[in-house]
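I opened the notebook to look up a few things in this structure, one topic at a time. The entries below follow the order in which I looked.

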Amino acid sequence: MSLSRAPRRRRSTSGRAILLTAVTVAGALTLTACGSDGDKPAGSAGGNYVTGPSGISTVARADRDEAPKLDGETVGGETLDTTTLKGKVVVLNVWGSWCPPCRAEAPYFAKVSKELAEAGKPVAFVGLNTRDTSKQNALAFEENYGITYPSLYDPDGKLMLRFPKGTLNAQSIPSTIVLDKEGRIASRTLVAVNEEQLRSMIDPLLTEQ
């Protein structure tokens, strides 16, 4: 009898370990998507946005809202003001070095930003580093993943709160918001993106006159 019970105890322990792992992963994913609006087809300051199957929300050109001014010190110790980037498509990526989905998408941001810069495209990438308790962690993240564009240091998430309620704002980590050349909010996603998804948010705006 004791021999037959031993395997059952081992299976039970293994089952509990698997369940614990699943709960831990689910909890981490919930934290990174905290505050999501569920991608409802709601208005953006009176206009409408459409969310596609990939989770990317886009706004028609006539219905776009002006993006708030995002300024301050970067993780590299310089100053940056996003309002000076008008005339370019601006890609805003909210990230933290502690965030697994941020680490998953970082190579795509590094690749696309470098390729567009080498091609001379009018695109500016700006990170919003949040909830990192020290700049050293953020700098190590940028070095590890080859991120060469600047990131505003926003440990308390105050810059994220500058986006008006009801707009396509940053509600989770990671989030990516793309502004058109006039500095207006054109698209947003509240999940990690791959290269194809990232380019699908940028390329249409480059053709706008």
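**Confidence.** I began with the pLDDT, which is the predictor's confidence in each residue, from 0 to 100; its mean over the protein is 83, and 78% of the residues reach 70 or more. Over residues 1-47 the pLDDT is below 50, and beyond near neighbours in sequence this stretch has 39 contacts in the model, where contact means heavy atoms within 4.5 Å. I noted that this is a predicted model, in which local features need pLDDT of at least 70 and side-chain atom pairs count only at pLDDT 80 or more, while totals for chains, interfaces and linings use all residues. I also noted that residues are numbered from 1 along each chain as its sequence is written, and that side-chain values use heavy atoms, with hydrogens and water left out.

**Overall layout.** I looked up the elements next and found four helices and 10 strands, taken as DSSP runs numbered from the N terminus (helices are H or I with at least four residues, strands are E with at least two). From the N terminus on, their order is α-β-β-β-β-β-β-α-β-α-β-β-β-α. Of the 209 residues, 43% count as buried; buried means under 20% relative accessible area, exposed over 50%, and partly exposed in between, with a 1.4 Å probe and protein chains only. Among contacts between residues at least 6 apart in sequence, 70% join residues at least 24 apart.

**Helix H4.** I then turned to helix H4, residues 195-206, whose 12 residues reach 16 Å from the first C-alpha to the last, close to the 16 Å expected at 1.5 Å a residue (the expected span is 1.5 Å times one less than the number of residues). Which residues of H4 are buried? I listed Gln 197, Leu 198, Met 201, Ile 202, Leu 205 and Leu 206. What covers these buried residues includes strand E3 (56-59), E6, H2, strand E7 (123-130), strand E9 (175-179) and strand E10 (185-189).

Met 201 is found in H4, and it counts as buried because its relative accessibility is 3%. Leaving aside neighbours within four places in sequence, Met 201 is in contact with Ile 56, Thr 176, Val 178, Ser 187, Arg 188 and Thr 189. From Met 201 to Thr 58 the C-alpha distance is 8.3 Å, although the two are 143 residues apart in sequence. In strand E3 I looked up Ser 57, which is buried because its relative accessible area is 0%. Ser 57 and Ala 186 are 129 residues apart in sequence and 8.4 Å apart in space, C-alpha to C-alpha.

**Gly 76.** Buried or exposed, I asked of Gly 76? This residue is found in the loop between strand E4 (71-73) and strand E5 (79-81), and it counts as exposed because its relative accessibility is 58%.

**Backbone details.** Most residues other than glycine have a negative phi, and most peptide bonds are trans. With that in mind, I recorded that a cis peptide bond joins Ile 173 and Pro 174, with omega about 5 degrees. Pro 174 is found in the loop between strand E8 (151-154) and E9. Arg 131, in the loop between E7 and H3, has a positive phi near 65 degrees.

**Cavities.** Last, I searched for cavities, and the whole structure holds two of 30 Å³ or more. On a 1 Å grid over the protein atoms alone, a cavity is a set of points where a 1.4 Å probe fits but cannot get out, and lining residues have an atom within 4 Å of a point; points are joined across faces, edges and corners, and a volume is the space filled by probe spheres set on them.

- The largest cavity holds about 60 Å³, and strand E6 (89-95), helix H2 (100-118) and helix H3 (135-145) each supply at least two residues of its lining.
- H2 gives the largest share of that lining, four residues, and the lining residues include Trp 95, Phe 109 and Tyr 149.
- The second largest cavity has a volume of about 30 Å³, and Leu 92, Val 94, Leu 128, Phe 163 and Ile 177 line it.

Key: 1 Å grid on protein atoms, 1.4 Å probe; cavity = no way out; pocket = protein on both sides within 12 Å on 5 of 7 lines; lining within 4 Å.
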